Structures are given as C-alpha cells and as structure tokens.
Amino acid sequence: MTKVQVVIIGGGAMGVSLMYHLIKSGWSDVLLVEKNDLTHGSTWHAAGLCTHFAHNPTIQELRATSVRLYRDILPQETGRDCGFHRSGAMRITRNPDRMDEFRHVSGLSDFTGYPLEILTPERIAELHPLAKLEGLIGGIYEPDDGHVDPTLATQAMAGVARAGGAQIWRNCPVQSIRQEAGHWLIETPKGTVTTVHVVNAAGTWGWEIGHMMGLNIPSVPVLHQYLVTDTVEVVADRIAQGLPELPIIRDPEESWYVRQERDGLILGPYEKDAKVWSVDGVPPEFGADLMPPDLDSVEHIIAAAMDRIPALGTGGVKSVINGPITFTPDANPLIGPAHGLRNAWLLTGSSMGVMEGGGAGWFLAYWMTHGAPPMDALAVDSRRFGAWADRDYRVAKAIECFGRQFGVHYPHEERAVGRDLRLSPLHDLMTERGAVMGAAYGWERPNWFTDAPGVKADETFRRANWFEPVAREVEAASTRVAMADLSVFSKFDVMGSQVSAFLEVVGANHAPKPERIGLTHALTHDGGVLSEFTVTRLAKDHAYLTSAAASEEIDFDLLNRSAERFNLSIRNVSEELAVIGVMGPRSPDVLPELADMPWLTAQQTELAGIPVRALRLSYIGECGWELHVAKEHAVPLFTWLEQAAKPHGLGYFGAYAANSMRLEKGYRGWGSDLTTERSPLETGMHPFVREELRPKLARENLWEMVLLEIEAGEIDPFYSHGLWQGGRPVGIVTSGAFGHRTGKVLALAYLRDTTAREDLTVSILGQHREAVILPRPPYDPENKRLKSGTRT
Ligand SMILES: Cc1cc2nc3c(=O)[nH]c(=O)nc-3n(C[C@H](O)[C@H](O)[C@H](O)COP(=O)(O)OP(=O)(O)OC[C@H]3O[C@@H](n4cnc5c(N)ncnc54)[C@H](O)[C@@H]3O)c2cc1C
C-alpha cells in the first residue's frame, strides 16, 4: 500500500498549483492523482484570461499571484515561458454606476499596489483603436493583465513539483475515499493510497469527489463558450506594423470579452440564462471533451460585440469552444478545510481557475502548512455555505452568478435569487412591520424598515432610499425603545464541568464568571482573529456562545476541535433559538422585571411565562437586552413585548441602523474589521486579551486600527477605500457609515504606516475627503448609556 502525506485529486490548474506550492513549502511527500492527463478537465480549453480586477483584496491577491507565477517565476524556474502575454486589459461602460464601481476597485488597488487607470473615452480610443466609442462614458485599464496558455502554465508547475519530489499518477481515476484510524484511504486502479491529507481539486467533478468524501459541495457545472475567429485583417496589419497586442476588452453591460489571438480575435459571451450541466453527476466517460457549439443562444451578445468592435465581423468563425465551468453560489472558489472532516481540504468550484489557480494553490498550501490562511479567507472559505445551500439553491445561484458575471457589485447588494431559505420564526411578523429583508448566509434578516410596502432598496454606491428610514430607526433606539430580530447569530451551547478551562483554550480572554457575559477571540497560531464569540456563562457548567451568522460551520468546527481533550458536550443551537433585541433608554420600562440586571450579566428567567435567556448587552451602545428564546416561543414573546413597549414609543431597527450605531461606538465587526490577518492588539482589542498572551502577539510592522471621522460628503464610506497621507496610501478602510446620533461620517481603518496620523484623506470613489483619527468613540465613550438601567 502506498503511503503519502497528501493526496491531491485532480490535475487541473488548481490541483497542480497546490502540488507546486506544497513542494515549495517543503512538503515532499505529495501525490497528485489524475483520472486522465494533466489539464484534461476544464483547464485545457480555458481562454487563459488573467486579471487584477477584484472587489476583495484576497481574490485580487489570488489573481495577482497567478500572474506573477505565470509571467515571471515559472519561466525563470523552467527556462520556458508559459505563453503569458502582457496585453493589458480594459473594461468599458455606458453606465454611471459602473464608473462608481470602477472607481471603487481602483481605490482598493491603489492600496494593494496593483494600480488601475480610470479611462476617458479618448483614452479608450488610444488604447484600443478597434473599439467604437458611441455611448461610452469611460472605463478602467488594468495594465498588468494578460492571458496565459493554461496548458503550458500547468505543465510548468507540474515539472517543478516533480523535480522537487512530487509524484503524479496519470490515467488513474479515484474510485472511493474513506477514513480509517485517523488516515484517509484513497482507492485507485493502481491500488489503495493511505494519506494524512486529502484534497479535492477535481474542478468540474468537484461535486462527485465531494460525494465520495461525504460532502455536498455547492458547485455546479455551467456551460460557457467562446469563439475564435480566422484572420482579422486589421489585426494582421497591426502585427505586420510591429504594433503591440490589443488589450483584452470587456463590456460588462453587454456581457462579453474580446482578446487578440494570434492574428484573429476571441469573443466570449456570458448569457443571462445560462445552461447548467450534469448537476447530479458528470458522466464517468466525460473527459477532455467539448459540447457542440451553441451560437444561437448568444447571437444577441455577438451582435452587440460586433457593434462595438466591427472588426470582429470581418474574420469568420474558425472554432467554437463550449465547455463546462463550475460556479458556486457566489462565484468565488471553495478553498480551505472541509466542514466536519479532519485533514480534508477543498480547492475547487473556481469559475476562474486559471487566473485564480496559481494563487489558490499558494493560498491553500499556506493554510495546510501553517494551520491558517495567509490572508482573510472569508470570501473563499470552503465552509461559507451550510447544509441550507440545497440543490435548488445551488442551481439557481449558479445560473444567476453566470448571468451576473459582469453585474455591478454594489456595496449593499441584495440579489433576488435563492431567498427565503432560512427564516427566523419572526420573519413574517417582521415583514408585516415593514422590514426590508437582506440575505445573510442563507438567513433572511431585516436590513431596514419602511412604511411603503413593496419598496426595495436602491442599488447605488451613493446614499440610498433607506438613509432617512434608518435615521428614524436610530432615533427610536436612542431616544425611546426599539426592537429587533437578531436571530441570525450562530449559537452554541457548551456544557460540562470543564467549561472554564475550555473557554480559555478557545479564546484569548478569560472565561466570564457564572451569570456574566464576555467577549473572546479565537486566534490563529500567528495571533490573527479567527472568530469572535460573545460568551454568556449561564451557569458554572454551561456557556452559551454566539457569533456571526457567516461563521456557523467555521465556529462549530473550531469549537469541536478545541474540545477534543475535554469532556464536554457542544451543540449547535443556531436554528433552535430566536433572538429578540429590546434596546433604548426606555427599555427598562418595557422589562421592569429585568431592570436591575447590571450591564454584561445574564439571567435564565421567564417573561410572560416563557423561558428566556436574558442577556444585558447591546451592540448598538444603548441600554438594552438580547432575549434568547426557543423558536416556538419567539412570536408570543415578541408580541407581548411590543404591547409593553408601545406606551414607551416603540420602534424597530434593522442591520443597517445597527451598523451605523456600532461604528459610533467604535465596535469592530468580525469578517470586515476583525480577520485572520490582524491580531487583537492591532485592532485595539487589548482589554480582551489575557495578560500572558500579549507578548506573544507583539511583532514588527504591526498595523493599527483607528476610528476616523471623515469630512461630510454626498457618498458615505462602506469598505475598501484607501487612506492617504499626501500622495501615499497609508491605510485601508474596512467598514464605514453615517452615524445618525452624532451626525458624523465614520469609518474603521487600518493604518499600515502607524506614524501617519495627520493630514489624512480617505479616497471614496476617487474623491479625497479629509479624515481625522478620533481618540475616543464619538458616542457615549464612557458607556454611561449602556450601564444605565433605571426606569424612567
Ligand atoms: C470556455 C471556457 C473558457 C474559460 N476561460 C477562462 C479564462 O479565460 N480564465 C480563467 O481563469 N478561467 C477560464 N475558464 C474556467 C477554467 O477553465 C476553470 O475554472 C479551470 O480550468 C478549473 O481548473 P481546476 O483545476 O479547478 O479544474 P479542472 O481543470 O476541471 O481539473 C480537474 C481535474 O480533476 C480530474 N478528475 C476528475 N475526477 C477525477 C477522479 N475521480 N480521479 C482523479 N482525477 C479526477 C479531471 O480529469 C481534471 O483534470 C474557462 C472555462 C470555459 C469552459
């Protein structure tokens, strides 16, 4: 029997990149098993486009890493080039919102060091003389983008990995996968392999290999095609004149990309009603195959592309490539540990597996060898979709993502497809009260409240139609009493006599005493924030942990792993309990029986005869309670509380108001402000870190999180805006909003250069606005409101 440390299943761009990076990280005992030959999945027929354009720094770094690898590193290592053409790329538009999006991405790129250029129509004409300008208002240029030969790049990575000791078994389909005595057993026609780690990098077949691992992977094959033209005379002329290659051009409004291919062009359309393919299992005989061309379904997109680039119509179609491409429900890849399994990893579901493959392999290799990802993983974490992401959801979202491949990504974007999956017991009641719902990891969650039934949130980068309603919600919460449905929290019950010791292993803070509430952060080996838990010690042997909706699977894994050497029971009660927020200065009048509870204490009590876990805390900085209650009692308790609150000026608040209010308190949010990249010392969470851990978290080049007041303007900050000192980007905004109680525009930002404290500006969609570091939160810095509990 063969024994290795890692088996990677799948020899496409993603799996081979992981093999290469594991070898580079010093793991030599690596075996890649491939059912056909390397690249014989989706990789061989990819158009090879590589970009730096991304809304998220992690996704951008995956893409930039791929470019560096294909363009510079592999040619140096192997002496052969990977067919990388640094053609540059541009996106063009007629849509003002799109220009906002371009300015936003450009702002992020200034900070990350991959600068992009905002284009005028004249500059578009200069860079792409074949494009007509009618209707265009501008664009964005990505000078370091290009395209690669996916086969050459994959073979180059494989060659280096093999020279470093990796093994590749070709023509060797994995037949089954099982776990035995702490190892994985992989059955293949060449025999059984015993391995410590197994990685699913099976691309189009990711779902099948996932099935063998006991998983239901949310990745769906969708058919995508591009056509290659014969010689296009103007292109041939340009080559004859020694002119540079044309930049790749994308028209997101019309949903197509065009790039030069030798003396012709490639045109790739993304239709709105994409065809999913073999959702319940790819036929076993399917290999390096293509589908027949289907140009009828994309005729309208081809026509639009020809209008913009008339030269396209002069070439004639040489070939059509139509093949499967996988889509996850958010179009990002699945990278990281498989939920609930030990030493099982996913590196699959990428719909951009060439441009992301080089970086994705680096990302996962780092995670496997260091025990934590190299950057914030939330956008790609393999555990971000739970069991709620059922077949219908996955299929509908794959079609939606394909059709919106080029959609505008608004900061508060809410998509219509795949909704109403996880409903709080208070859902209907909330919509009756005017809640406008948003999707949060399968849950429906009130974002804001309207008195105009059926109204939807504006899609915009600027102030939206919910600004005034949110102001009213904040007014109720800060002057009277407001209620909220906060049920989307992830929730865990931890029971056993060793709870205290366990909590100190899980997080950096001390365990709270019985009936007290604390905050603790689970850390990576390097001190980055993995998770944030509110810990309520309901009894000596019972801790109740709540955390973000998005981290349910991540946190359940983390708690179970930490519990291995303890005798404890851990239950995920996220769906069993609802959470009602009652907050504001009049809330003690609504809850006279709890009015004497001090801040940050908990009681198991009864209200209206209903058993309740009452937590005296508030993320919005007001006197208030979270009432955690069995889901079947949620509606009676809520309506009973409403009756009690009406004489005191009852209002409601949603997630947008909560976000605005928590920023006025300077509270950091997990997933945006708190990530694995930064330690609690960098985020200003010192009080929540045990004394003895602090020296371990100290290191050189620490960043520092600061709360900024930004000069008022017509656009409120949201995330990923560059913070500048003079002409130098010195930091990045991670979250922001208008603070209605203080009238201030606020943002949390990391200073990369912690000496840069004066003369700061934040670049919001290209507008530089003055910013001042606030030494204290602007709202109730002494927590008087939080601590006040007297009835009026
Ligand atoms: C027409 C088209 C154009 C595209 N253009 C681009 C582009 O320009 N840029 C870009 O970034 N992406 C592009 N893509 C997407 C890109 O092709 C994929 O995202 C990428 O190739 C995925 O790589 P992968 O390694 O994850 O999967 P794959 O390349 O599919 O590799 C998976 C491998 O797993 C193997 N395998 C499956 N089952 C088993 C088993 N049981 N045992 C062993 N091995 C197994 C398969 O044989 C295969 O080799 C395009 C896709 C299409 C269809």
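Guide: A polar contact is a pair of N or O atoms within 3.5 Å. The model is a predicted one, and in it a backbone N or O atom of Gly-353 is 2.7 Å from an oxygen atom of the ligand. For Met-355, a polar backbone atom lies 2.8 Å from an oxygen atom of the ligand. A backbone N or O atom of Met-14 is found 3.0 Å from a ligand oxygen atom. Of the 1,000 Å² of accessible area that the ligand has on its own, the protein covers 98%.

Two or more residues of the shell around the ligand are given by each of helix 1 (13-24), strand 12 (220-229) and strand 16 (317-327). Strand 16 provides the largest share, 3 residues. There are 38 residues around the ligand, and those that come nearest are Glu-34, Thr-43, Leu-49, Gly-353 and Met-355.

By the rule for ring pairs, the count comes to 24 aromatic pairs. In one of them, the rings of Phe-327 and Phe-402 have their centres 5.6 Å apart and their planes at 65 degrees; the pair is edge-to-face because planes over 60 degrees apart count as such. Phe-327 is buried, at 0% relative accessible area, and Phe-402 is buried with 0% relative accessibility. Ring pairs join Phe-327 and Phe-402 with Tyr-257, Tyr-270 and Phe-406 in a cluster.

Conventions: Residues numbered from 1 in each chain as written. Predicted model: local features only at pLDDT ≥ 70, side-chain atom pairs only at ≥ 80, totals over all residues. Heavy atoms only, no water. Near = heavy atom within 4 Å. Polar contact = N/O pair within 3.5 Å; in protein donor to acceptor, adjacent residues only side chain to side chain. Areas by Shrake-Rupley, 256 points an atom, 1.4 Å probe, with all protein chains shown as cover. Helix = DSSP H or I, 4+ residues; strand = E, 2+ residues; numbered from the N terminus. Phe/Tyr/Trp six-rings, centres within 6.5 Å; stacked < 30°, edge-to-face > 60°. Buried < 20%, exposed > 50% of the residue type's maximum accessible area, 1.4 Å probe, protein only.
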